[in-house]
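Here is a short briefing on charged side chains that pair up. Look at the structure first, then work through the points below.

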Amino acid sequence: MNVGDDFIHIDVCISRLGNSHQTLRDVRANRDHVLAGPAFQYALVEYCTAFTTSQAADRRRRRLDDTMVPADLQALHNRILETRNQLLAHADMAILDGSISFRHFDGQLMTTTTLNHVDPLAELDNIDEILFLVESVQGNLFARRKARLDEVGLVEPVSSPAEAEPRGGASND
């Protein structure tokens, strides 16, 4: 196991959560701006990035698990993940429940497509609760990072992978 990759993953997740949080704060302050909707959608995708699988240099796959989410915010977290997976990052055809019809009109084949309207901004009214969710997950992640530092015997964070050796020499983790 590469200890450096563990810390890199945690730090990337902290950064992505920070991006999400700042964007959500900006959306809350500027809800009437033409870009508030797209920015809100971006912030949700950025939040979810920490909970999707990522492959590190050591080839191990990493993602945050749901234990980082407080129990009372789990339902909101699940809705955000579902919105990301079905609507924002992918076009889930099942949720759109589309149909198409073909007709000849004036000598030409015409098509009509009907889709369910799924509102990607459905959670916008919950922006304060979403901000609290992001803050909670980020706080839990900072605590996990500190615990991991204590576990590997590092007293302070280091700035380069070469310095990321536990006290007492190199490790074969």
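Buried means under 20% relative accessible area, exposed means over 50%, and partly exposed is in between (1.4 Å probe, protein chains only). This is a predicted model: local features need pLDDT of at least 70, side-chain atom pairs count only at pLDDT 80 or more, and totals for chains, interfaces and linings use all residues. Residues are numbered from 1 along each chain as its sequence is written, and side-chain values use heavy atoms, leaving out hydrogens and water.

**Salt bridges overall**
- Side chains of opposite charge can pair when their charged atoms come close.
- A salt bridge here is a side-chain nitrogen of Lys or Arg within 4 Å of a carboxyl oxygen of Asp or Glu.
- The whole structure holds 10 salt bridges.

**Arginine 62 and aspartate 6**
- These two form a salt bridge, with the closest N and O atoms 2.8 Å apart.
- Arginine 62 sits in strand β2 (residues 61–62) and aspartate 6 in helix α1 (residues 3–29), 56 residues apart.
- Helices (H or I, at least four residues) and strands (E, at least two) are DSSP runs, numbered from the N terminus.
- Arginine 62 is buried at 6% relative accessible area, and aspartate 6 is buried at 11%.
- A network of salt bridges links Asp6, Arg62, Arg148 and Glu151.

**Aspartate 11 and arginine 145**
- Their closest N and O atoms are 2.6 Å apart in a salt bridge.
- Aspartate 11 is in helix α1 and arginine 145 in helix α5 (residues 127–152), 134 residues apart.
- Aspartate 11 is partly exposed at 33% relative accessibility, whereas arginine 145 is buried at 15%.
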